[in-house]
Amino acid sequence: KRAIAAQRGQLATRGLGLDETSRRFKEALVHQLIPFWEGTPWSFEGHISTPGSGSIACGYFVSTTLQHVGLNLNRYRLAQQSPINEAKSLALKIDVKEIAAGSVADNIAAINAYLEEGIHFIGFDQSHVGYILKEKGYLYLIHSNYAGTTGVELEQIEQSAVFQSYETLYIVPLSTNKHLLDAWVHQTPITIIQK
């Protein structure tokens, strides 16, 4: 976390462009933080802040990793919201994209068409949240998986039993959202949309 904070401080003082800020945010979240969380067990009540020291619910996994990457937010409040309100909280000044294209394949195609390369928030109907990573044209779901015993994992979206269980999805770009990146660099507090 200290290394990420130092990088964020450099961004604030050097004023690097959107592409470089986006790359660094994604790198920090996907490659510097999330690997430590992989395999941490899921539980509905889990809210640990240290990877592997207990269990973590899906909402707390998202809110804790976002706080650890340096977003100025209340991880408890964010994790306790519905997926749509978590999405609205992270969207800042952009719209939440609702996808309900019909079949699983149609939803995947709609997500793929909508998203740029990077890391994004995904909310599932009323009960689950995680990240969508689009990298080299592939889509991955990163979440605290309640199906089975895996816990926090990265899986190809087509292989995800959880993804196949939902029809309505809420998508918010994170690493390509200029307003969120500005809030990250300048430590602007994120207002949590309450239920």
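Biologist: Which residues in α5 are buried?

Modeller: The model is a predicted one. In α5, the buried residues are P83, I84, N85, E86, A87, S89, L90 and A91. Helix α5 spans residues 83-91, and because eight of its nine residues are buried, the helix is largely enclosed by the rest of the structure. Buried here means under 20% relative accessible area.

Just after α5 comes L92, with a positive phi of about 55 degrees.

One of the covering elements, α3, also packs against another helix. Two packed helices are described by the angle between their axes and by the distance between those axes. For α2 (residues 18-37) and α3 (residues 58-69), the angle is about 125 degrees and the axes are 10 Å apart. That angle makes α2 oblique to α3, because an angle between 115 and 145 degrees is neither roughly perpendicular nor roughly antiparallel. The crossing of these two helices is right-handed. On the α2 side, the residues that meet α3 are F25, A28, L29, L33, I34 and W37, and their partners in α3 are F61, T64, T65, L66, H68 and V69. By type, the residues of this contact are nine nonpolar, three polar and no charged.

Setting aside neighbours within four places in sequence, L66 is in contact with F25, L29, L71, L73, L78, L90, Y131 and L174. L90 is among the buried residues of α5. The largest nonpolar core has 44 residues, and F25, L66 and Y131 touch the most other members. Helix α2 gives this core its largest share, seven residues. Another core, of 15 residues, lies apart from it and includes I99, I108, I132 and Y166.

K136, in the loop between β3 and β4 (138-145), has a phi near 55 degrees and is not a glycine. K136 counts as exposed, because its relative accessibility is 72%. Q187 lies in the segment after α8, and its phi is about 60 degrees, again positive in a residue that is not a glycine. With a relative accessible area of 31%, Q187 is partly exposed.

Terms used. Residues numbered from 1 in each chain as written. Predicted model: local features only at pLDDT ≥ 70, side-chain atom pairs only at ≥ 80, totals over all residues. Heavy atoms only, no water. Axes fitted to C-alpha atoms, helices over the stretch in contact; angles between N-to-C directions. Helix = DSSP H or I, 4+ residues; strand = E, 2+ residues; numbered from the N terminus. Parallel < 35°, antiparallel > 145°, perpendicular 65-115°, else oblique. Left-handed = near helix turned anticlockwise from the far one by under 90°. Contact = heavy atoms within 4.5 Å. Nonpolar A, V, L, I, M, F, W, Y, C, P; charged D, E, K, R; others polar. Buried < 20%, exposed > 50% of the residue type's maximum accessible area, 1.4 Å probe, protein only. Core = buried A, V, L, I, M, F, W, Y, C linked by side-chain atoms within 4.5 Å.
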